[in-house]
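This report describes selected local features of one protein chain. Please keep the sequence and the structure in view while reading.

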Amino acid sequence: MNLKGEAYPFTMVFLHLNSYVISSFIWLSMQRKRKLLSPLIYAMKGPFIRTKLHASLLLLICGMPIFFTTIGIIKRLLPNPHPHLLYGAKASLETELIILSTKCFLKTCIYPTLTNLVVLLYCLICQKICRSINILTVKIEVCSPKTFTSARQEEILRCESKIIDLIQVMHKVFSIPSFLIFIAHFCTCITVVGIMVKQDSSESYIVLCEFVLYISNSFGGLLACLWMAGGLPTEAGRFKEAFRRKMKQRLLCIRKKDEICFQEETANISDFVLSGCDIIFFRRSSILALAGTILTYAILLMTLNS
């Protein structure tokens, strides 16, 4: 996506280029945490790519450089190509296409491909942890009050403690990257929405298609992070409620006041709310607020630059 020239304000250009810089910092942050990431992935027993949807998403993300490079080449072959595709340099058509395709491919590998791969890994880990919590919840629900003994309760809480350890490691690994991912996608969303609001209706369909791909990618990445990471507090709430309900049923059924009870331990269980540098907290309830914020900032940005 080329945002150079008088048609686009400096703020738009800065926000768009900022996404590439932030994506590089995401890679550096993941490199620094690789010693924690490897044991975390090893602890997630079983393959990450479990369904056709996961494989399709991975294929789609890896194919993004090809998609955007193709769009860049088509834009050059249009009757009135963008004057800043080669920064004003004159060259033959073959040379222009080679330089243009190389530039588009490398840029797209940095953003959004690299960022999306981290988002996919983040979401898959969240999904596996949610599934583990859900398995514990189901075990509690199917267990009868009589068989929900102290030993059974202790076993479930031990498993829950291991999940907490995994979430703490995950938070250490992805706290900074998730924050940077949110900022990068947020900047791109504001930029693209602002451009589409200002865009001339005579703009070619291929350019509009490029904008739609960028906004779909950016907002989809934000939505995926909020939805998958926001699933952890939901599953934690279901686990707590199931444990308390089963304990209440056992107390009413057994009527042993001197029995060891772990019900108070559930009050100390974390809500599993993940965050980006303790600044942005990932909850599903934030999705509508995010959409409104993006639209508001985009319109404000266009108003200030009009």
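Why does F105 count as partly exposed? The reason is its relative accessibility of 37%, because partly exposed lies between buried (under 20% relative accessible area) and exposed (over 50%), computed with a 1.4 Å probe and protein chains only.

## Basis of the model

The model is predicted: local features need pLDDT of at least 70, side-chain atom pairs count only at pLDDT 80 or more, and totals for chains, interfaces and linings use all residues. Residues are numbered from 1 along each chain as its sequence is written, and side-chain values use heavy atoms, with hydrogens and water left out.

## Nonpolar surface patch

F105 is located in helix α5; helices (H or I, at least four residues) and strands (E, at least two) are DSSP runs numbered from the N terminus. Together with L53, L57, L60, I66, F67 and L106, F105 makes a nonpolar surface patch of about 660 Å². Two or more residues of the nonpolar patch come from each of α3 (52-62), α4 (64-76) and α5 (93-142). The greatest contribution is that of α3, with three residues.

Patch residues have over 30% relative accessible area and no salt bridge, and nonpolar side chains (Val, Leu, Ile, Met, Phe, Trp, Tyr) are joined within 5 Å, like charges within 9 Å. A salt bridge places a side-chain nitrogen of Lys or Arg within 4 Å of a carboxyl oxygen of Asp or Glu. Accessible areas come from the Shrake-Rupley method with a 1.4 Å probe; for residues, only the protein chains shown count as cover.

## Packing of α4 and α5

The axes of α4 and α5 lie 8 Å apart, and the two helices pack at an angle of about 145°. Axes are lines fitted to C-alpha atoms over the stretch in contact, with angles from 0 to 180 degrees between N-to-C directions. Contact (heavy atoms within 4.5 Å) involves residues including M64, P65, F68 and R76 of α4, and L93, L97, C104, F105 and P112 of α5.

P112 is itself part of helix α5. The peptide bond that joins Y111 to P112 is cis, with omega near 15°.

C277 lies in the loop between β1 (275-276) and β2 (280-281), and D278 is found in the loop between β1 and β2. Phi is positive in C277, near 60°, and in D278, near 55°; neither residue is glycine.

C277 is partly exposed, with a relative accessible area of 28%, whereas D278 is exposed, at 52%.
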